[in-house]
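Let us walk through a protein model step by step. Keep the sequence and the 3D view side by side.

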Amino acid sequence: RGEATGRAVSQRNFLAAGSAVSDAELKAAMALVQPEDTAVIVYTSGTTGQPKGAMLSQRAIVASAVTNVEYFGEGLESTICAAPINHVGALNNVCMSVFAYGGRIIFYHRVDLAALGALTARELPTYLVASPTSFVMMQQGAGGIDLTRLGYIKLLVFGGGKTPQALLDPMVPHIPKMYNVFGQTECCGIGTATAHGASAEVMAETIGQALPGHELRVAREDETECDIGETGEIQLKGPICASGYWNKPEATTELFTSDGFLRTGDQGARRGDGNICYVGRIKEMFKSGGYNIYPVELEQTLSQHPDVLEAAVLPVPHPVFQEVGYAFVVARAGRELSGQALDAFLRPRLANYKIPKHWSLEEALPRLPNSKIDKQALKRRLESFQEA
C-alpha cells in the first residue's frame with residue numbers, strides 16, 4: 001500500500017494502469033479463459049515416489065478459495081507467506097484463501113525463523129497455516145516464536161494427518177479457531193476439515209469431514225463404501241479436484257474411480273461420529289508376519305512419549321516376518337532416550353507385531369522443501385545399511 005521498492009509496483013500504480021484497459025478489451029481477455037483451462041501445474045511432493053504434475057484448473061482453484069472462505073471465514077484478514085508459491089499449500093491454502101477473502105498477504109523470500117518471528121511481531125497476521133513440524137519448532141522456541149503468546153492469531157489451519165494432542169493442548173486456549181485439515185496437491189490442498197469448535201482430541205485423532213459442496217468416502221478396492229471402523233482408501237469428489245496429471249494419461253486414469261472419485265492414496269476409517277481417522281499412505285503400509293502395519297499409527301504413539309519430539313517409521317526386511325519396523329526418533333531438548341525405553345513404552349499401547357525392532361536416535365530428521373519428513377532420504381539410508 002506504500003511506496004514500491006526494487007522491481008515491485010505500488011498498489012496505486014497497479015490499479016491506475018487498469019484505466020487504460022477498455023471494457024471491450026477486458027471482456028475479450030476474460031473470454032479467452034475457460035473454467036476447465038489448466039491454471040497451474042503443481043508437482044506432488046514425491047514422499048513415496050516420483051513427483052507428478054497435477055493439472056489444477058481455473059475452476060478447481062476458484063472453487064477451493066471460495067470454499068475455504070465460506071468455511072473458515074473470519075481470521076483470513078492477513079497472513080505471512082514464506083513458502084514458495086509453486087507449492088499447493090502456499091498457493092491455495094495460504095494465498096488464494098486470503099486473496100478471495102479480500103485480505104492482506106505479506107510475502108517473505110525464505111524460511112528464516114528469526115526474521116519471520118520479527119516480521120510476525122510487527123505485522124500481527126491473523127491467519128496461520130501450520131503443520132506438526134511447525135508446532136515442534138514453535139514449542140522448541142525456534143526463532144523466538146511462541147504461538148501461545150501470539151494472541152492476534154484468529155485462525156489456525158494445520159494438516160499432516162495425525163497431530164499429537166500433546167502439541168495441540170498448549171495452543172487451544174490461545175487460538176479462537178483451529179482446524180485439522182486433510183488434502184493434497186490433487187485437490188488444491190484442502191479437502192476436509194474438523195468441525196467448528198472441535199476439541200483437541202478430535203483434531204488430534206481425525207481429519208474431520210468433507211468441506212461443504214464436496215463428497216468423501218472411505219472405500220474398498222471394489223469401490224464399495226467401508227463400514228464404520230473399517231480401513232479403506234479416502235476418496236474425494238467435487239469441484240476442487242484436479243483434472244489429471246500432465247503428460248501422464250495412464251496415471252490420470254488411475255487417479256479416478258469409475259464413478260469419478262479422486263483416489264487420494266491415503267487410508268482412513270470413519271468413526272461413529274462421522275469424522276475420518278487418518279491411517280496413513282497406502283504405499284507406506286507394510287506387512288509383518290502377515291499383518292498390516294501403518295507407520296503413522298506407530299509414529300503417533302511414539303509421539304505420546306513425553307521425551308519424544310518426533311518420529312518416523314519405515315520397514316526393513318526380516319528373515320522370519322518379511323518386514324519389521326525401523327524407527328527414527330528425535331528426543332526433546334535436554335532429554336535422553338533409548339531403544340529399550342521406547343520399546344517398553346510401546347508394549348502396553350500396541351500389539352507386539354507392530355513394535356519396531358530397530359531404533360535410531362537422531363538429532364533431526366531430513367526434510368523436504370515443504371517441511372515434510374523426507375522418508376525417501378531415510379529409505380536410502382536404510383538401503384545403504386543393508387548393502388554394507
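What follows moves from a nonpolar core to a helix, its salt bridges, a strand and the surface.

The model is predicted: local features need pLDDT of at least 70, side-chain atom pairs count only at pLDDT 80 or more, and totals for chains, interfaces and linings use all residues. Residues are numbered from 1 along each chain as its sequence is written, and side-chain values use heavy atoms, with hydrogens and water left out.

Start inside. A nonpolar core is a set of buried Ala, Val, Leu, Ile, Met, Phe, Trp, Tyr and Cys residues joined through side-chain atoms within 4.5 Å. Buried means under 20% relative accessible area, exposed over 50%, and partly exposed in between (1.4 Å probe, protein chains only). The largest core has 15 residues. L302, V329, L342 and L346 have the most contacts inside it. Helices α10 and α11 and strands β17 and β18 each supply at least two of its residues. Helices (H or I, at least four residues) and strands (E, at least two) are DSSP runs, numbered from the N terminus.

Now look at α10, residues 295-302. Of its 8 residues, 7 are buried. L302 and E299 are among them.

Which residue forms a salt bridge with E299? The partner is K375, with the closest N and O atoms 2.6 Å apart. A salt bridge is a side-chain nitrogen of Lys or Arg within 4 Å of a carboxyl oxygen of Asp or Glu. K375 lies in helix α12, so the pair ties together parts that are 76 residues apart in sequence. Both K375 and E299 are buried. E297 also has a salt bridge, to K354 (3.0 Å, N to O). E297 counts as partly exposed, at 27% relative accessibility. By contrast, K354 is buried, at 16%. In total, the count comes to 21 salt bridges.

Turn to strand β10. Here 4 of the 5 residues are buried, so the strand is largely enclosed by the rest of the structure. It runs antiparallel to β11, and 5 bridges join the two. Strands pair if DSSP finds at least two bridges between them. L216 has L236 as its bridge partner in β11. R217, also in β10, is buried at 7% relative accessible area. R217 forms a salt bridge with D259, at 2.8 Å.

Finish outside. V9 sits in the segment before α1. At 58% relative accessibility, V9 counts as exposed. M30, in helix α2, is exposed as well, at 55%.
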